[in-house]
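Good morning. Please have a look at it before I start.

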Amino acid sequence: MRMRLWTPLLMAIVLTGLTQASCGGGGSGPQAGSPAWYWQAAQETYASGEYEKTLQHLKEVADGESEYKEQATLWRAAISGGLARGNMEMGNALADAMAEDQSLTGSFTVRIQGFRRDARRHAITFTESIGGLRKIAEQQPAVALRFPFPTGSANESPTLLSLREGEKVPASQIDAAVDYTLKRGLLLQTTQMAGAGEDAAKGLKLFESGEVKVPQLVFLQNLGKSLYEISALFGNEQLHEPKIQKVMLDNALLCLQPALDAEDADLKQQATLIKAEIDKGSKAK
């Protein structure tokens with residue numbers, strides 16, 4: 001049998017074919033590595049609950065220039081803010097339970113640190129996105145949201161409620177509560193960005209009606225509220241990082257300012273209440 005002579009040209013042709021096949025070539029979808037490809041990949045990983053991968057895909061799109069850039073920036077903020085909320089809630093629930101029952105210290109301490117570490121990372125990502133989000137909002141009278149509405153419940157996990165009430169909860173139930181609570185965080189962050197507060201039913205209705213359009217001042221005010229709420233992570237009772245908390249609160253005030261200057265009395269009142277809470281916290285330090 002004669003051996004095939006692998007010339008450089010022949011090897012290049014074969015390798016090119018293999019690369020195209022492995023990247024989904026052949027016209028079956030977006031070109032691998034393109035913004036459309038990353039956007040599609042983000043939807044697939046999000047649907048399967050792979051939120052870290054989703055954030056990576058969205059970062060690729062948000063950092064580039066394409067028709068998907070704006071939506072990638074918005075969706076990435078909704079996910080990072082939601083994961084910060086979910087991890088904060090898990091850490092706080094375990095910390096509350098440990099404060100009531102010191103025998104839990106050994107099994108809960110490391111887990112609390114892990115949840116707060118993840119919450120910190122996502123909170124910083126959310127804060128870093130604020131400049132881009134403000135730019136998007138300031139360029140149009142209403143901000144359009146065109147990404148999937150999260151699944152899950154807006155109610156706190158029954159397991160976490162049991163923990164807070166001092167009940168003994170198996171580790172397996174706590175593990176199950178993590179997924180539930182992260183989904184709750186994503187849901188609450190998305191409904192807030194959509195202008196629906198914590199009303200998940202209203203948020204779902206908005207997304208089901210088609211493209212969600214949030215008035216500019218409402219969108220900015222809710223960004224300010226999100227920053228204020230998530231900034232609690234860096235307070236004395238949790239991570240005790242006042243410098244990061246101050247950056248978040250300064251950004252919150254910038255987002256609130258247009259609503260504070262608005263002629264809409266209800267909007268102005270809501271923004272004033274949030275600002276009052278921020279000022280109260282600052283004076284207490």
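Two remarks on the source. This is a predicted model, where local features need pLDDT of at least 70, side-chain atom pairs count only at pLDDT 80 or more, and totals for chains, interfaces and linings use all residues. Residues are numbered from 1 along each chain as its sequence is written, and side-chain values use heavy atoms, with hydrogens and water left out.

Back to the pocket. On a 1 Å grid over the protein atoms alone, a pocket is an open set of points with protein on both sides within 12 Å along at least five of seven lines, while a cavity is a set where a 1.4 Å probe fits but cannot get out; lining residues have an atom within 4 Å of a point. Points are joined across faces, edges and corners, and a volume is the space filled by probe spheres set on them.

The largest pocket holds about 320 Å³. It has 14 lining residues, and Ala-62, Lys-69, Thr-73, Gly-132 and Ile-136 are the closest to its centre. Helix α4 (69-100) gives the most to this lining, 4 residues. Helices are DSSP runs (H or I, at least four residues), numbered from the N terminus.

The whole structure has 1 cavity of 30 Å³ or more. Ala-97, Asp-101, Leu-104, Leu-163, Gly-166, Glu-167 and Lys-168 line the largest cavity.

Now the helices. α2 (residues 35-47) and α3 (residues 51-62) pack at about 160°, with axes 8 Å apart; axes are lines fitted to C-alpha atoms over the stretch in contact, and angles run from 0 to 180 degrees between N-to-C directions. The two helices are therefore roughly antiparallel, the word for angles over 145 degrees, with under 35 called roughly parallel. The residues of their contact divide into 9 nonpolar, 3 polar and 2 charged.

α2 also meets α4: their axes come within 12 Å and cross at roughly 25°. That makes this pair roughly parallel. Trp-39, Ala-42, Gln-43 and Tyr-46 of α2 make the contact with Gln-71, Ala-72, Trp-75 and Ile-79 of α4, where contact means heavy atoms within 4.5 Å. This contact has 6 nonpolar residues, 2 polar and no charged.

Key:
Angles under 35 degrees count as roughly parallel, over 145 as roughly antiparallel, 65 to 115 as roughly perpendicular and the rest as oblique. Ala, Val, Leu, Ile, Met, Phe, Trp, Tyr, Cys and Pro count as nonpolar, Asp, Glu, Lys and Arg as charged, and the others, Gly among them, as polar.
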